[in-house]
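This report sets out the computed features of the structure shown below. It begins with aromatic contacts and then turns to each chain.

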Amino acid sequence: MAELVVGVADLKVSDNPHDILVTYALGSCIGVAVFDPVSKVGGLIHFMLPDSTLDPEKAREKPAMFADTGIPMLFKSCYELGAEKKRILVKVAGGASILEDSNYFRIGQKNIMALRKIFWKNNVLIAAENTGKNCNRTVRLHVGTGEVCVRIPGEEMIKL
Amino acid sequence: MKTMDRILRSIKNIPAFPATAQKVAAVMGNPDYSITHVVNIIKFDASITANILRIANSAYFGVRRISSLHDAVVFLGQENIVRAIQVSGISKYFKKASGYGLNGPELWRHSVGVALMTQIISRKISGREDTKLFTAGLLHDIGKVILGEFVDDSIRRINGLVNDHGYSFIRAEEEVLGMNHAEVGGKMAQQWNFPQDIRDSITYHHRPDLMEKGENLFCWIIYLADQVCLMAGVGGGADGLAYWGLKDVIEILKIRQKDVEMGIIELLKDLESAKELIEII
């Protein structure tokens, strides 16, 4: 079993059933795990911010930094390995906020909203999610089975 | 023995802050200091010398291929030499630490992240960097080095108060352990004779609004830098983001949502160029 670490503002895809894609400490960032059960292709992105218009140059250099440039790239990278859109299962974790974060610096909520908008526009359903609140999450996608696990420090492992 | 007494005893037993770091800071405070004098203080401390050479070659400081201590002092300049020495001195305490669901290197990575973020904020609001803020950033969570094991032992009770009763993490620490990590850190910095503004910025780094006197702008910058790192997931642990958001920070630092988002992008870049500072332990 090889654990492939997906860094911040990064994405990875794999069709090797022995791979586990993992991303650590999401904070307000979001991890999106996608899996096609037929072609057994999986992918994971760790994006930081909702909107690439903030810094278009950065978005060209690191598309996975933003929801609107990273998520399409995640899907395209999976298609290249043989995945098909209609079969892809989407699971989401992250987007935490600081307490009483209703009036300012709503990075977590903005990330969740941006992600829902993108999926809604593209007719993609979210199969399962563990988002919001104020905890850190680590996400693992087992490429062989499509199983997605979320780990919150000090708590039991959650299967999405 | 009560938990709080055990915590206080651990604070008392923490090893003294490296004398070399204090001496260099004192010498460099004199405008007529000589490079030779600084080199002579540092060179007898083998571990600081080795660390300075590693740190000096970090892309973050913009100079490359420094192979002697003398060159490091000449090319880095006063501010960066002080930073390199603080990184070397403070990182030692994180080496064997663990807690908040993290190991020492992960706790340290968060400290460096906050130090880097204080400079991004400082450049944004005053157009310049600030070495004292950098040091305070490195130190802000030093209390976790001591409180970590106590927190891990009681993590279910603490998480219960946070998840089911709406406590912030530091309030839950106080309730369960008798003290919070910010307070513990402030006491450690006092024991090490750090100046008042650095001590206060540690003690109040989650609640700068409770600070009554002194240079609280300093403290608000540490607060914001910490919050940004928590949001960006830089060394985030079991405490997660369970700290109060204080919207006064917008007025006090004159900072907008967009500045924070741009700051996160800049932080990611700085974390890459400063990897030698993170990997020092």
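## Aromatic contacts and chain architecture

A search of the whole structure, which is a predicted model, finds 11 aromatic pairs over all chains. One of these joins B:Y93 and B:W192 in a tilted arrangement, with 4.5 Å from centre to centre and 40 degrees between the planes. B:Y93 belongs to helix α5 (residues 69–95) of chain B, whereas B:W192 is in the loop between α11 and α12 (196–203) of chain B, so the pair ties together parts that are 99 residues apart in sequence. Both B:Y93 and B:W192 are buried. Together with B:F17 and B:F194, B:Y93 and B:W192 form one aromatic cluster.

| Charged residue | Ring | Distance to ring centre |
|---|---|---|
| B:R83 | B:F134 | 5.1 Å |
| B:K144 | B:Y100 | 4.6 Å |

### Chain A: overall form and sheet

Chain A contains three helices and 10 strands. In sequence order, the elements of chain A follow the pattern β-β-β-β-β-α-α-β-α-β-β-β-β. The radius of gyration of chain A is 15 Å, close to the 15 Å that the globule rule gives for 160 residues, so chain A is as compact as a globular protein of that length. Along the principal axes, the C-alpha atoms of chain A fill a box of roughly 45 × 40 × 25 Å. Of the 160 residues of chain A, 56% count as buried. When contacts in chain A between residues at least 6 apart in sequence are considered, 60% join residues at least 24 apart.

Five strands of chain A make up an open sheet with mixed pairing, in the order β1-β3-β8-β9-β10. The edges are taken by β1 (2–5) and β10 (158–159) of chain A, each with a single partner strand, so one side of each is left without a neighbour in the sheet.

Within this sheet, strand β3 (residues 19–23) of chain A runs antiparallel to strand β8 (residues 138–142) of chain A, and four bridges join them. A:L21 has A:L141 as its bridge partner in β8(A). On from there, β8(A) pairs with strand β9 (residues 148–151) of chain A, again in the antiparallel sense and over four bridges. Here the bridge partner of A:T138 in β9(A) is A:R151. The hairpin of β8(A) and β9(A) has five residues between the strands, and A:G146 in that hairpin takes a positive phi near 80 degrees.

The next pairing, between β9(A) and β10(A), is antiparallel over two bridges, with A:V150 opposite A:I158 in β10(A). These two strands form a hairpin with six residues between them, and A:G154 in the turn has a positive phi of about 80 degrees.

### A buried loop residue of chain A

A:S28 lies in the loop between β3 and β4 (30–36) of chain A. Is A:S28 buried or exposed? With a relative accessible area of 0%, A:S28 is buried. Apart from neighbours within four places in sequence, A:S28 is in contact with residues of both chains: A:G95, A:A96, A:I107, A:G108 and A:N111, together with B:L230, B:M231 and B:L241.

### Chain B: helix packing

In helix α4 (residues 46–56) of chain B, the buried residues are B:I48, B:T49, B:N51, B:I52, B:I55 and B:A56. They cover an arc of only 165 degrees around the axis, which puts them on the same side of α4(B). The buried residues of α4(B) pack against α2 (19–28), α3 (35–42), α5 and α16 (275–278) of chain B.

B:I42, in helix α3 of chain B, counts as buried at 0% relative accessibility. Leaving aside neighbours within four places in sequence, the contacts of B:I42 are B:T20, B:V24, B:I48, B:T49, B:I52, B:L69 and B:I85.

Helix α10 (residues 169–177) of chain B has the buried residues B:F169, B:I170, B:A172, B:E173, B:V176 and B:L177. Viewed down the axis of α10(B), these buried residues fall within an arc of 155 degrees, so they line one face of the helix. Their cover includes α1 (3–12), α8 (143–153), α9 (155–165) and α11 (181–191) of chain B. Just after α10(B), B:G178 takes a positive phi of about 95 degrees.

Notes: Residues are numbered from 1 along each chain as its sequence is written. Chains are lettered from A and ligands numbered from 1 in the order in which they are written. This is a predicted model: local features need pLDDT of at least 70, side-chain atom pairs count only at pLDDT 80 or more; totals for chains, interfaces and linings use all residues. Side-chain values use heavy atoms; hydrogens and water are left out. Buried means under 20% relative accessible area, exposed over 50%, partly exposed in between (1.4 Å probe, protein chains only). The arc is that of the directions from the helix axis to the C-beta atoms. Contact means heavy atoms within 4.5 Å. Rings of Phe, Tyr and Trp (its six-membered ring) pair if their centres lie within 6.5 Å; planes under 30 degrees apart count as stacked, over 60 as edge-to-face and the rest as tilted. A charge sits over a ring if NZ of Lys or CZ of Arg is within 6 Å of the ring centre and within 35 degrees of the ring normal. Two strands pair if DSSP finds at least two bridges between them. The radius of gyration is taken over C-alpha atoms; the globule rule is 2.2 Å times the number of residues to the power 0.38.
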